[in-house]
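Below are questions about how the terms used for a protein model are applied. Each answer sets a value beside its definition.

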Amino acid sequence: MADNQSTCKKQIEKLQRELQQERIQTKQLNAILNHDPDTGLLLRHMLVRRMNTLINGKVPPHFAFGIIRLDKNYQRIRRTRDRMKVLLFVTSERLKTLVGEENLYQSDRSDEFLFLIPNYKDKRDVEEKITEMIMKVSESHNPPASDVSFGCNVGVALFPDHASTLDELEYNAEIALGIHEEKSWNGFLYSPERGLKHHENHTLELTLRQSILNDFNGFHLAYQPIVNNNKEIIACEALLRWDVPGRGAVPPLRFIPLAEESGLINYLGKWVLYTALKQIKFWRKEFKKNIEVSVNVSTVQLDQDDFLDTIKTALKVIKVPPEALHLEVTESAVMDNPEDVILKLRELSKMGVEVMLDDFGTGYSSLSALNKLPIHTLKIPKEFVDNLPGNSNSLEVVRAILGIAKTFDFRTLAEGIEKQDQFDCLVSEGCQYIQGYITSPPVDAIEFQNHFLTPLKYEGMGDNSQ
């Protein structure tokens with residue numbers, strides 16, 4: 001009898017150990033399935049489950065749903081300084097102190113967090129919390145990462161104020177986040193006005209994509225003359241224009257940013273390049289003048305691995321000499337990724353393609369950086385010449401730019417010139433080339449050749465003389 005009781009006891013104890021081991025394994029499995037291994041935070045699907053419970057509960061809830069995405073500074077260092085995800089873990093710990101561990105979740109992206117603010121008092125309460133998060137993330141880190149700093153972008157939507165479903169809530173928070181990233185503002189809440197603007201952009205982007213797929217239907221180039229100090233045509237700038245059926249002309253400031261965000265600028269950029277070179281080839285052959293053309297290049301295009309090959313191929317296929325092409329790059333585009341861009345610009349220079357630095361003085365390049373740039377022309381922005389010749393401050397700014405150009409042996413081109421006294425002032429100060437309505441607004445190819453190629457004397461822009 002005693003033996004049977006002992007055996008039974010042992011079996012029960014064994015079964016209890018097995019059950020306990022199964023509980024541990026189940027807990028470990030749940031931890032693996034539901035928690036991020038780097039931050040220890042619950043994963044997004046757990047947040048979705050919780051929000052569905054809140055939304056479908058008997059008592060109508062009100063809560064804020066937000067997205068925190070680490071900024072470009074973190075993107076630059078995450079593969080070199082945060083391979084072990086220590087900084088990511090530290091950031092998650094900081095955020096826990098603000099919203100509570102139970103309200104912070106790991107997104108499907110490693111550089112992104114999701115959070116809830118349940119039962120907030122009012123919108124101001126949420127806005128203050130957003131500000132606290134931004135400040136907390138941007139705090140300096142401990143050694144050996146004391147030299148590392150990065151920030152974040154935040155987008156928040158409120159339930160039920162901004163959405164009636166979970167999908168709509170997440171979508172609207174993404175809209176708020178996207179606007180924050182684009183404008184580099186502090187994090188803010190979604191609003192119907194911002195949502196409407198987003199939907200307008202989305203619709204315009206779809207139209208833009210369709211126009212490109214439909215053999216660039218609606219797109220054309222306008223050409224604005226560039227003259228020397230004798231008002232003789234020496235080159236032109238090719239400017240992209242877009243006319244949408246039923247809507248009319250869409251300003252470049254409206255569709256170019258959309259094209260850059262969506263990556264469509266790469267297709268548009270190639271179309272502009274080939275179209276402009278074909279036109280220049282025709283004019284050179286038809287009018288026996290070695291006219292040159294400048295084409296704008298965006299940051300997105302410069303970042304492409306095949307950028308140089310695209311330029312080489314276009315020149316080879318169209319059979320236009322490299323010196324006929326000038327590429328305009330903005331100061332900010334160069335300084336966003338100076339090492340890579342400088343290498344590409346040097347290759348262009350070796351090819352014989354000349355480079356203009358557009359909007360000079362509006363960015364943040366230093367003289368040491370300028371000294372390294374393989375550029376040929378500084379382009380003085382319209383905002384610096386608008387108040388010439390009467391405004392002494394504007395005049396001193398222009399003189400400073402002209403002095404820098406002379407020091408580095410760059411040519412100078414002032415754009416946006418509308419009045420004769422502006423023209424005279426710039427010429428007297430030593431500016432070599434002028435572009436603006438004083439000569440002509442941008443016009444189509446036929447009007448350009450009829451007005452400027454046949455009757456006027458032509459000189460090449462490669463001449464550095466004044």
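**Terms and values**

Nine bridges join strand β7 (residues 219-228) to strand β8 (residues 233-244), and the two run antiparallel. This is a predicted model, in which local features need pLDDT of at least 70, side-chain atom pairs count only at pLDDT 80 or more, and totals for chains, interfaces and linings use all residues. Residues are numbered from 1 along each chain as its sequence is written, and side-chain values use heavy atoms, with hydrogens and water left out.

Q: What makes β7 and β8 a pair of strands?
A: Two strands pair if DSSP finds at least two bridges between them. β7 and β8 have nine bridges, so they count as paired. A222 stands opposite L239 in β8. Strands (E, at least two residues) and helices (H or I, at least four) are DSSP runs, numbered from the N terminus.

Q: What do β7 and β8 form, and how many residues lie between them?
A: They form a hairpin with four residues between them. In the turn, K231 has a positive phi of about 65 degrees.

Q: In which sense does β7 pair with strand β15 (residues 433-435), parallel or antiparallel?
A: The sense is antiparallel, over three bridges. I226 stands opposite Q435 in β15.

Q: Why is β7 called mostly covered?
A: Buried means under 20% relative accessible area, exposed over 50%, and partly exposed in between (1.4 Å probe, protein chains only). Nine of the ten residues of β7 are buried, so the strand is described as mostly covered.

Q: What makes both faces of strand β13 (residues 377-380) count as covered?
A: T377 and K379 on one side are buried, and so are L378 and I380 on the other. Strand β12 (residues 354-358) runs parallel to β13 and is joined to it by two bridges, with L357 opposite L378. Four bridges join β13 to strand β14 (residues 411-415), also in parallel, and I380 stands opposite A414 there.

Q: Why are β1 (42-43) and β6 (188-189) said to stand at the edges of their sheet?
A: Six strands form an open sheet with mixed pairing, in the order β1-β3-β4-β2-β5-β6. β1 and β6 each have a single partner strand, so one side of each is left without a neighbour in the sheet. Two bridges join β1 to strand β3 (residues 104-106), and these strands run parallel. The partner of L43 in β3 is Q106.

Q: Why is Y267 called exposed?
A: Its relative accessibility is 51%, and the cut-off is over 50%, so Y267 counts as exposed. Y267 is in helix α9.

Q: Which residues does Y267 contact, leaving aside its neighbours within four places in sequence?
A: They are I212 and F216, where contact means heavy atoms within 4.5 Å. Y267 and I212 are 55 residues apart in sequence and 7.7 Å apart in space, C-alpha to C-alpha.

Q: How do you know that the span of helix α7 (residues 192-213) is close to the expected one?
A: The expected span is 1.5 Å times one less than the number of residues in the helix. For the 22 residues of α7 the expected value is 32 Å, and the helix reaches 31 Å from its first C-alpha to its last. Residues buried in α7 include L204, L208 and I212.

Q: What describes the packing of helix α9 (residues 265-287) with helix α18 (residues 445-453)?
A: Their angle is about 35 degrees and their axes are 12 Å apart. Axes are lines fitted to C-alpha atoms, for helices over the stretch in contact, and angles run from 0 to 180 degrees between N-to-C directions. Q279, F282, W283 and F287 in α9 meet A445, F448, Q449 and L453 in α18.

Q: What makes phi of K288 stand out?
A: The value is near 60 degrees, which is positive in a residue other than glycine. Most residues other than glycine have a negative phi, and most peptide bonds are trans. K288 lies in the loop between α9 and β10 (292-296). At 69% relative accessibility, K288 counts as exposed.

Q: Which kind of peptide bond joins F159 to P160, cis or trans?
A: The bond is cis, with omega near 5 degrees. P160 is in the loop between β5 and α6 (166-183).
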